[in-house]
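User: I would like to go through the labels used for this model. For each one, please set the value against its cut-off.

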Amino acid sequence: MTVELGLDTFGDVTDGPDGKPLHAAQVIRNVVDEAVLADQVGVDFIGVGEHHRADLAVSSPEMVLAAIASRTQRIRLGSAVTVLSSDDPIRVFQRFSILDAVSNGRAEVILGRGSFIESFPLFGFDLKQYEQLFNEKLDLFAAVLKEQPVTWQGNLRPPLKNQSVYPNTESGKLKAWIGVGGTPESVMRAAHYGMPMMLAIIGGDPQRFAPFADLFRRALAQMGKAALPVGVHSHGFVGETDAQAKESLFGDYKRMRDKIGAERGWPPLTRTDFEREIAHGSLYVGSPETVARKIVGTVKALGVARFDLKYSAGPLSHEKMMRSIELYGRKVIPLVRDMLTS
């Protein structure tokens with residue numbers, strides 16, 4: 001059983017040595033350095049998320065990924081995710097096809113609705129059309145993805161008739177995933193468009209998502225489509241030991257979780273909650289051996305072709321993240337592959 005092992009970041013605004021938040025510009029430069037290290041230690045993929053808020057520095061993942069492309073050799077480059085609902089599908093394709101060119105074919109895009117809504121009022125979209133926007137824009141993106149002249153009609157923008165979109169990718173096929181939060185409708189949408197499915201598992205036992213992975217495979221087979229990869233995105237942190245990893249992460253993870261929770265009506269995170277999520281949920285935190293074993297369990301349970309660890313966590317320092325990336329690449333990835341082989 002083979003699996004790609006990747007990393008994701010949202011460009012969280014981190015604290016500097018003085019305990020104060022870094023400027024977003026420095027955070028973005030640090031993200032590039034983190035990706036360069038990931039490339040050097042053997043990580044397969046780096047994903048950069050799109051957000052439009054003060055605590056998350058990256059509003060244009062493609063720009064950051066292009067900078068990463070110029071300093072790396074082999075690591076694949078993608079979004080985590082691109083908020084298609086508030087973007088233009090043609091421009092998304094064009095930006096990623098250009099990224100694919102400058103990276104020598106290493107680009108891929110993960111399309112989603114996103115878990116934050118700031119982009120909707122920012123770009124003038126009505127949240128009442130939340131579902132309609134994503135469905136229609138995904139339909140147009142799927143047409144553009146064929147890299148042939150597009151004839152298409154929807155309800156929210158003027159139709160296209162025999163319209164070419166440039167530039168094409170060199171290979172003729174940009175890899176595009178659909179991010180899925182865990183509803184049957186989202187799974188069936190990914191199968192309908194014949195795109196790989198990336199499951200965002202950010203809470204609870206990862207194995208509860210096995211029915212969605214199975215549904216995706218059954219739907220593809222019933223539609224007469226070829227089998228496609230299933231991926232998983234989850235939070236985590238790698239330390240020297242289990243105890244050290246937990247202590248290094250807890251305070252910053254709680255600050256991030258409580259800030260978002262206050263916006264969404266969640267109760268504050270307790271240490272018991274944190275420990276429970278590590279032991280039985282979707283937090284991949286601990287020594288390289290502990291994290292590797294947990295990843296292997298998820299890979300086997302869901303038949304995962306790629307696992308992406310979201311390594312950033314609110315104000316968690318750049319230095320801590322760099323050490324976690326190094327341990328992930330040099331120790332966790334070889335352990336996962338050895339365990340799967342044996």
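User: Where is Val81 found?

Analyst: Val81 is found in the loop between strand S3 (76-79) and strand S4 (82-83). Strands here are DSSP runs of E with at least two residues, helices are runs of H or I with at least four, and both are numbered from the N terminus. A cis peptide bond joins Ala80 and Val81, with omega about 5 degrees. This is a predicted model, in which local features need pLDDT of at least 70 and side-chain atom pairs count only at pLDDT 80 or more, while totals for chains, interfaces and linings use all residues. Residues are numbered from 1 along each chain as its sequence is written, and side-chain values use heavy atoms, leaving out hydrogens and water.

User: Which peptide bond is cis, with omega near 0 degrees?

Analyst: The bond from Tyr166 to Pro167. Pro167 lies in the loop between strand S7 (160-163) and strand S8 (175-180).

User: What makes Pro167 partly exposed?

Analyst: Its relative accessibility is 33%. Buried means under 20% relative accessible area, exposed means over 50%, and partly exposed lies in between (1.4 Å probe, protein chains only). Pro167 therefore counts as partly exposed.

User: Which residues is Pro167 in contact with, leaving aside its neighbours within four places in sequence?

Analyst: Phe93, Ser97 and Ile98. Contact means heavy atoms within 4.5 Å. The C-alpha atoms of Pro167 and Ile98 are separated by 7.2 Å, and the two residues are 69 apart along the chain.

User: Why is Asn104 called exposed?

Analyst: Asn104 has 69% relative accessibility, so it counts as exposed. Asn104 lies in the loop between helix H3 (89-102) and strand S5 (107-112). Its phi is positive, about 60 degrees, although Asn104 is not a glycine.

User: Is Glu147 buried or exposed, and how do you know?

Analyst: Glu147 is at 10% relative accessibility, so it counts as buried. Its place is in the loop between helix H5 (130-145) and strand S6 (150-152). Phi of Glu147 is near 60 degrees, a positive value in a residue other than glycine.

User: What makes Leu283 buried?

Analyst: A relative accessibility of 3%, so Leu283 counts as buried. Leu283 is in strand S11 (residues 283-286). Leaving aside neighbours within four places in sequence, its contacts are His235, Gly236, Tyr253, Phe274, Glu277, Ile278 and Lys294. Gly314 is 31 residues from Leu283 in sequence and 15 Å away in space, C-alpha to C-alpha.

User: Why are H10 and H11 called oblique?

Analyst: Two packed helices are described by the angle between their axes and the distance between the axes. Helix H10 (residues 288-302) and helix H11 (residues 318-341) pack at about 45 degrees, with axes 9 Å apart. Axes are lines fitted to C-alpha atoms, for helices over the stretch in contact, and angles run from 0 to 180 degrees between N-to-C directions. Under 35 degrees is roughly parallel, over 145 roughly antiparallel, 65 to 115 roughly perpendicular, and the rest oblique. H10 and H11 are therefore oblique to each other.

User: Which residues make the contact of H10 with H11?

Analyst: H10 gives Pro288, Glu289, Val291, Ala292, Arg293, Ile295, Val296, Val299 and Lys300. H11 gives Leu327, Tyr328, Lys331, Val332, Leu335, Val336, Met339 and Leu340. They divide into 13 nonpolar, no polar and four charged. Ala, Val, Leu, Ile, Met, Phe, Trp, Tyr, Cys and Pro count as nonpolar, Asp, Glu, Lys and Arg as charged, and the others, Gly among them, as polar.

User: What makes H1 oblique to H2?

Analyst: Helix H1 (residues 24-40) and helix H2 (residues 61-71) pack at about 40 degrees, with axes 9 Å apart. That makes H1 oblique to H2. Ile28, Val31, Val32, Asp33, Ala35 and Val36 in H1 meet Val64, Ala67, Ile68 and Arg71 in H2. This contact divides into eight nonpolar, no polar and two charged residues.

User: How do you know that Val336 is buried?

Analyst: Val336 has a relative accessible area of 0%, so it is buried. Val336 lies in helix H11. Beyond its neighbours within four places in sequence, Val336 is in contact with Val3, Leu5, Ala292, Ile295 and Val296.
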